[in-house]
Amino acid sequence: MASVVELKNVSKMIKGRKIIDSLSFNVEEGEVFGFLGPNGAGKTTTIRMIVGLINMSDGDIYICGSSIKKEFEKAVQHVGAIVENPEMYKFLSGYDNLVHYARMTKGVSKAKIKEVVELVGLTDRIQDKVKTYSLGMRQRLGLAQCLLHDPKVLILDEPTNGLDPAGIREIRDHLRMLARDRGMAVIVSSHLLSEMEMMCDRIGIIQQGKLVDVQLVKDFVSNTEKLYEVELDRIDEALSAVSEYMPGLKVSKSATGLEIPVKKEQIPELVKLLVSKEFSIYGIREVSKTLEDRFLEVTNEKGES
Amino acid sequence: MLQLLQNEWMKTWKRTATHIMVVLLLLSVIAIAAITKYQENGLSVPDNENWRQGLEMENKDFQKQLDEGTVSPDSIEYMRTQIAINEYRLEHDISTNVDYSAWDFVSDSSELISFAGLFTIIIAAGIVANEFTWGTVKLLLIRPIGRAKILLSKYISVLLFGVFLILILFGFALLLGAILFGFPDSSNPYLNYHDGTVTEQSMLIHLLITYGLNSINLLMITTMAFMISSVFRNSSLAVGISIFLMFMGGSVTYMLSTKFEWAKYILFANTDLTQYLDGAPLMKGMTLTFSIVMLCVYFIIFHLLAFFVFKKRDVAA
C-alpha cells in the first residue's frame with residue numbers, strides 16, 4: 001500500500017506557543033484514518049495545514065509525493081475536503097455551488113456533477129437554494145463538493161458534528177464505501193470516540209499538539225484479556241470467594257454483580273466455582289472495552305509520564 | 001481565469017442586493033429625468049435673436065472686472081475661459097440658443113457616477129470579506145489555483161461590475177434623454193478651453209471623457225475598499241472607510257492644501273484629473289504627470305498590501 005498523505009515533523013508556532021509539535025504520520029490508500037483528540041488538541045489546525053489553509057512553521061506535508069508548501073497546486077488537486085462545517089453559498093442553488101467548484105478544477109464534466117449528486121442522494125433538491133437545506137443535506141452537498149474531482153484523499157473535519165443518528169450513519173456508510181470501492185484515503189477528525197470506532201481502520205491520538213499514539217482500531221480496542229460481568233446475588237461474599245480462588249485477579253464490584261477480567265477458557269471454571277458455593281447467577285456477559293475507555297487510558301498515561 | 005470570473009460574476013448577480021442596486025441606479029436616472037422635464041420651461045433658452053449682443057456685453061463686463069483687478073484668482077481663470085469661449089462662438093457663429101437635449105441630460109447624469117461608485121464600493125468591500133464571513137473561503141482556497149489568481153479574479157470582476165454600472169448609467173441616460181428631450185437638429189460641439197485656445201469637440205466624445213475621468217476617482221476608491229476588504233476581512237469597515245473618504249476626502253484635502261505643501265501627495269488631491277483639462281489645478285506645481293504618477297503609486301501600494309496579506313494569511317476562523 002502506498003502512502004497518500006505524509007506528514008513529516010510538522011510544527012506550528014502561534015505567538016511563540018507551539019500549537020503543533022513535530023507531528024509525523026502517514027495515511028495509506030484505501031484506509032480510513034481517524035484523527036482523535038480532545039477539543040483544542042490541534043486536530044483542526046493540523047487538517048488546515050494538510051490542505052494548505054494554514055502555513056506550517058516547520059516540517060512539510062506531502063500529498064501523493066508533492067509538497068503542499070512548494071507545489072501547492074499540484075498537491076492540493078488530489079485533495080477533497082470539508083473543513084469544519086460545510087459552508088456553501090446560501091443564496092445559490094446546490095447545483096450552482098457545485099458548478100462553482102467544478103469550474104475551479106480542470107476536467108469536471110456536467111455528467112460528473114450529476115453522478116456525484118446521485119451518489120450523495122440530493123437529486124431531488126439540487127436545484128433548490130442552499131438556505132432551504134437541512135444540516136444533513138448541507139453535509140451531503142459538502143461531500144459532493146469534495147468528490148467532484150475524484151480526489152485521492154478525502155479530508156473531513158468533524159463530519160458528523162450536529163447530525164442526527166441517521167445522518168451520522170449515512171456519512172459513515174459513504175466514507176466506508178469510498179475507501180473500500182475507490183481506494184481513497186480518508187482522514188476524519190473527531191472527538192466522538194464511538195463514532196471513530198465504527199468508521200476508522202486506524203486512529204492517531206493527538207494531545208496538546210503531540211501525536212500520542214497511532215494504532216489499528218482492532219488492536220486498540222481489543223485486548224487478549226476480556227472483561228466479563230457476572231450478575232449474581234450476595235456480591236460481597238462472591239467477591240471474597242473469587243479473590244480467594246483466583247488470586248491476582250483484579251476483581252471489582254459493579255452495580256449488579258462482579259467484573260472479572262479472565263480469558264474465555266476460564267469461564268466454565270469460574271461458573272463451577274460460583275455454583276458450588278451456591279451463588280445464584282443471573283447472567284454473564286462480555287464487557288468490551290470501548291475506544292473511550294482506551295482513549296482516556298492512553299491520554300492519562302501519557303499525560304502522567 | 002475566465003471560469004473564475006464567471007464564478008465571481010455568478011456570485012455577484014445571484015444576490016438580491018445586486019439587483020436592488022441596479023434598480024436604484026435606474027430609478028435615480030428616472031428621477032433626475034422627471035425633475036428636469038418638469039422644469040424644462042425654465043431651462044430652455046428663449047429663441048433669442050440677439051445672442052451675439054448678449055455675449056459681447058458679457059465679455060465687456062468680464063474684461064472690465066479683470067482690468068479693475070478686484071476679482072479673486074479663481075474667478076479670473078473662469079472669466080478668461082468664458083471670454084475665450086464667447087469670442088470663439090462669435091467668430092464661428094455658434095449660437096447659444098440651444099434647447100436642453102439628450103446630451104445635456106447625459107452630462108447631468110454623470111453626477112450619478114458617484115452613486116454607481118457607491119455600489120461598486122459595496123461590492124468591492126464584500127467580495128473578499130464575505131467569503132471569510134460565510135466561511136466559504138475554506139472551500140475556495142483548497143482548489144488547485146493559487147491565491148493570487150483568486151484574488152486577481154475578484155479584483156477584475158469588481159472592475160467589470162463598476163464598468164457595467166457606468167455603462168448602464170450612460171446607456172440608460174442616453175436612452176431616456178433621447179426619448180424625453182431628443183437630439184438637437186444640428187450637432188452642437190462642446191467648446192473646450194485649454195492653455196488659451198478653444199477647440200471644438202464632438203459632444204459624444206466630450207461626454208465619454210467626462211465619464212471616464214470621473215471613473216478614475218471611483219477606480220481608486222474601489223481599489224482601496226478592495227484592499228481593506230482583503231486585509232481586514234471586514235466588509236463594514238471597508239464600506240465605512242471608503243464611503244467616508246469618498247465624500248469627505250476631497251474637501252479635507254482641499255482644506256489641507258491651503259495650508260500645507262504636502263497635501264498634494266494625498267490621494268484625493270490627484271483623483272480629479274478634470275482639473276487639468278479645464279481650469280487650474282488644486283495647488284501650484286501639480287501637473288498631469290505628477291497626478292498620474294501619484295495615482296499609480298497609490299494603486300500599486302493598495303495592491304501590494306492586498307495581495308501580500310491575502311497570500312500569507314492563515315485561514316483559521
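I am working with a predicted model, where local features need pLDDT of at least 70, side-chain atom pairs count only at pLDDT 80 or more, and totals for chains, interfaces and linings use all residues. Residues are numbered from 1 along each chain as its sequence is written, while chains are lettered from A and ligands numbered from 1 in the order written.

**Sheet, chain A.** I looked up the strands (DSSP E runs of at least two residues; helices are H or I runs of at least four, both numbered from the N terminus). Chain A has an open sheet of 4 strands in the order 2-1-4-5, with antiparallel pairing (a pair needs at least two DSSP bridges). Strand 2 (17-28) and strand 5 (66-67) of chain A each have a single partner strand, so one side of each lacks a neighbour in the sheet. I found 8 bridges between strand 1 (residues 3-14) and strand 2 of chain A, and A:V10 sits opposite A:L23 of strand 2.

**Helix pair, chain B.** Next I checked helix 2 (residues 16-38) and helix 6 (residues 102-109) of chain B, whose axes come within 11 Å and cross at roughly 130°. Axes are lines fitted to C-alpha atoms over the stretch in contact, with angles from 0 to 180 degrees between N-to-C directions. From helix 2 of chain B, B:V29, B:I32, B:A33 and B:T36 meet B:F105, B:D108 and B:S109 in helix 6 of chain B (contact: backbone-placed C-beta atoms within 7 Å).

**Chain contact.** Finally, I noted 21 residues from chain B and 26 residues from chain A in the contact. Helix 1 of chain B gives the largest share of chain B's side, 5 residues.

Notes:
Two residues are in contact if their C-beta atoms, placed from the backbone, lie within 7 Å.
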